[in-house]
Amino acid sequence: MSTTPLLKIGTRGSPLALAQAHAARDALAAAHPELAVDGAMSIEIIKTTGDSVQDRPLSEIGGKGLFTREIDDAQTSGAIDIAVHSMKDVPTVLEDGLVLPCIMPREDVRDAFISVKYKSFAELPEGAVIGSASLRRASQILGRYPHLKVINFRGNLQTRLRKLNEGVADATMLAMAGLNRMGMSEVATQPMAPDEMLPAVAQGAVGITCRADDDRARAWIEALDCRDSHLRVAAERAFLAGLDGSCRTPIAGLAEWTAPGMMRLRGLIVRPDGRNPLDTERSGPVADRAAAEAMGADAAAELVERAGDALPAYRGEVVHGGGL
Ligand SMILES: NCc1[nH]cc(CCC(=O)O)c1CC(=O)O
């Protein structure tokens, strides 16, 4: 029973991250009989900078890979073999020596409006307080409802819901995907349509990385790859990469299949005050990863061009990733 596991799975320790790691482990066991054996896989919890710093806005901590760096290091050093990530927390450029062969079937991409007293944003009175650590969410809401106030709201899902119940804020927003995976869908007062709240790039997608030279782990996780989800995430991440040299930009993006082989990509960059958002859309055939990435890059190039000198104003205020 004390033999070394064949596959060490790394994850953050939040309840959501653990739920995702357990789901990945179960899918691996179902797909590969040799991994279904007792002790064949282990789950290793790794604390990231983003988990450690709870008292300051993420935008003040800065830097890429707040929720991934320590996990990347563990992977590179061999302390773990694969890592299960919320893709919206993963920087567009992977750590050297790591690859991403697997995107699992994507969950609900939408954000949810959550409130104890109110049914929707439209019902909130003048001066009502929204708790959010996400400038992407906050700025989209302020653009539409400038009479609301946004306060910084950090912590994992459980912490944020507790703050809401304590009356620290009148409403908050959380990804439906996280709620669904935690079996807490009923916490959502109302899912918001992407037209009202465009999700973060790769929201609802879970990816699995491994070392580029680890052929065995790679084959195991590649078997779980959902091609439809992977191409959507590839388009969105190419859009993000095209805009996001610093990884500190409030950006939203969503790719969807409108018909077999036909993709639609919506993209948006916003200012913190929600004024003058820039959005764009692409539709067309996407047969492979190169086509998905070309669509994302093309949409980003258009926004860079249109933003012109104003682009710096869209940058530098927020760290991409970590619930943003
Ligand atoms: N670190 C926060 C984080 N990362 C991924 C999700 C949601 C799940 C997902 O988008 O797959 C969340 C919580 C949230 O934004 O409500």
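1. A quick definition before anything else: two residues are in contact if their C-beta atoms, placed from the backbone, lie within 7 Å. On that basis, residues 24 or more positions apart account for 72% of the protein's contacts with a separation of 6 or more.

2. Some ground rules for reading this one. It's a predicted model, where local features need pLDDT of at least 70, side-chain atom pairs count only at pLDDT 80 or more, and totals for chains, interfaces and linings use all residues. Residue numbers start from 1 along each chain as its sequence is written.

3. The parts list: the protein has 11 helices and 13 strands. These are DSSP runs numbered from the N terminus, with helices being H or I of at least four residues and strands being E of at least two. As for burial, 46% of the 324 residues count as buried. Buried here is 20 or more other C-beta atoms within 10 Å of a residue's own, exposed is 12 or fewer, and partly exposed is in between, with C-beta atoms placed from the backbone.

4. Strand β1 (residues 7–11) pairs with β2 in the parallel sense over five bridges; two strands pair if DSSP finds at least two bridges between them. One of the bridges puts G10 with E44 in β2. Together, β1, α1 and β2 make a right-handed β-α-β unit. Right-handed means that, with the strands pointing away from the viewer, the path from the first strand over the helix to the second runs clockwise.

5. Now look at A31, which sits in helix α1 (residues 15–31). Buried or partly exposed, which is A31? It is partly exposed, because 13 other C-beta atoms lie within 10 Å. Leaving out residues up to four places away in sequence, A31 touches A223 and L224. A31 and A223 are 192 residues apart along the chain, yet their C-alpha atoms are separated by 7.5 Å.

6. L35 counts as partly exposed because it has 17 C-beta neighbours inside 10 Å. Beyond its neighbours within four places in sequence, its contacts include L6, L7, M41 and W220.

7. On to the five-stranded open sheet, which has the order β7-β6-β8-β5-β9 and mixed pairing. Its edge strands, each pairing on one side only, are β7 (149–151) and β9. Inside the sheet, strand β6 (residues 129–131) and strand β8 (residues 171–175) pair in the parallel sense over two bridges, and G131 stands opposite T172 in β8. Helix α6 (residues 157–165) packs on this sheet, touching β5 (111–114), β6 and β8, and its direction makes about 160° with that of β8. Axes are lines fitted to C-alpha atoms, for helices over the stretch in contact, and angles run from 0 to 180 degrees between N-to-C directions.

8. A second open sheet has three strands in the order β11-β12-β13, with antiparallel pairing. Here the edge strands are β11 (251–259) and β13 (278–285). Neighbouring strands are turned by 15° against each other on average, direction ignored. Eight bridges join strand β12 (residues 262–269) to β13, and M263 has G284 in β13 as its bridge partner. Helix α9 packs on the sheet, touching β11 and β12, and its direction makes about 145° with that of β11.

9. Of the 17 residues in α9, 14 are buried.

10. What about the interior? The largest nonpolar core has 80 residues, and those with the most contacts inside it include I9, I114, A235 and F239. α9 gives the most to this core, with eight residues. A nonpolar core is a set of buried Ala, Val, Leu, Ile, Met, Phe, Trp, Tyr and Cys residues joined through C-beta atoms within 7 Å.

11. A202, in the loop between β9 (190–191) and β10 (206–211), has a positive phi near 70° without being a glycine. N276, in the loop between β12 and β13, is also not a glycine, and its phi is positive at about 50°. A202 counts as buried because it has 29 C-beta neighbours inside 10 Å, whereas N276 counts as partly exposed with 13.
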